[in-house]
Amino acid sequence: MLCREATVCAQIAIITAVAYCTYALPQTDGTIKLPLQPNRPTSTVQLHYNDTNKEGTTVSTEVSTEVNGDNSCGCVCGVPNRKQRIVGGQVTKLNEFPWIVALMKRGKFYCAGSLITRRHVLTAAHCADGFNVTDIRAVLGEHDRESKTDTVTVERKLVSTKVYPNFTVLTFNNDIAVLELESPVELGSTIRPACLPSDGNKDYTGRVAIVAGWGRTDERKPTASSLHKVAVPIMSKVECLKSGYPTGRITENMICAGYADGKKDACQGDSGGPLHVDGERGFMETVGIVSWGRGCARPNYPGVYTKISNYLDWIDKQIGDECMCPPPA
C-alpha cells in the first residue's frame, strides 16, 4: 500500500486504522522509528503513471487567452499551454498546466496543488492538516524539479491553511483544503489559475480526464523529477462501488477514475494535484483533487479523487473578496 502524498504517509500510517492510504509522501526527520502498520489508505500526493500502452490519440486545442470587456478580473482560467493533447502517460510540455503547484515542506517536495486565484491554492486536506504553515512553501511555474534552468519559478510562503472542517484521515472524506499565499502572484503564460466546475450538478461520468503531478511512475520507483500526465476515464458511482473497495468507503464527495485492469493511475507524490476534463470552449476544468487509493494502478482499484463540485460554496467563502478568473469567452 502506498501513500500518494510523499511526506504525509508516515504520519497517516500512525493514526489511520484502515486498509488504504493517501498519495502523499511521508516526511520524517530520520529520527523517528515507525512501528509496523497494516495497509493504510494511500494519499495521492504523487501521481502514478504505469503507462503500458501509448495510445497516440491527438486532439487539436487552441484557446484564446484574450480578456473580454466584461471580465473585471483581467485574466482567464484553465488555458493550457499546448496545441495538442496526446492521451497516455508521458512527460508534459513546459508549463503545460500553468496552474499546478509543487508544495514543499522544509525544502522537500511532498504534495501538489492548483492555483485558483492570484493568492490561493486548492489541494487535498491531508496535504495541510496538522502541518505548521511556516514549514510549507508553494512553488509555481515548476516543471523539472531537478533543473534550475528549464523554467522560471515563483516561490511563496503561506499565511494560512484552511482545511475542510469535517475532514478525517480515517476515511479521507472531505479531503480538500485552501492555502493562502503570503502575496499574490503575477499571472502570465507560465502561471495561470485553474478553472473550477461551473455547474455543481454536472455529471462527468465517461469523460476522459487528465491527471498531472510529480508522483511515482511505479509503486517501487522514486517520485518523478519532471511533471507527468496520464489520461484516465471517470467512472460512474455504480462502477466505483463495484470495484475492490469495501462498501461505504466511497462517499458522495469522491470521484473514481481509472481502468478496470489498472495500468494507469495516480501514485505517491501526486496527492493534492488536479484531475481535469476539457471544457466546452477548449479550456480545462479541474473537477477532482488527487486523494487516495489502494497502491497505484492496481486492477480493480481505481484512483479516488475529491469531487470539487460539492465544495464550490465552501471554496468561495475561503477566498473571500479575491477575484476568481473566468474561463475564456
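Is Cys323 buried, exposed or partly exposed, and what is its relative accessible area? Cys323 is partly exposed, with a relative accessible area of 25%; here buried means under 20%, exposed over 50% and partly exposed in between (1.4 Å probe, protein chains only). The model is predicted, so local features need pLDDT of at least 70 and side-chain atom pairs pLDDT 80 or more, while totals for chains, interfaces and linings use all residues. Residues are numbered from 1 along each chain as its sequence is written, and side-chain values use heavy atoms, leaving out hydrogens and water.

A search of the whole structure finds 5 disulfides, each a pair of cysteine sulfur atoms within 2.5 Å. One of them joins Cys73 and Cys323, with the sulfur atoms 1.7 Å apart. Cys73 sits in the loop between β4 and β5 and Cys323 in the segment after α3, so this pair ties together parts 250 residues apart in sequence. Helices (H or I, at least four residues) and strands (E, at least two) are DSSP runs, numbered from the N terminus. At 12% relative accessibility, Cys73 counts as buried.

Now for helix α3 itself, residues 312-319. Its buried residues are Leu312, Trp314, Ile315, Gln318 and Ile319. They lie on the same side of α3 because they cover an arc of only 160° around the axis, taken from the directions from the helix axis to the C-beta atoms. The face turned away from this buried side carries the exposed residues Asp313 and Lys317. After α3 comes Gly320, with a positive phi near 60°.
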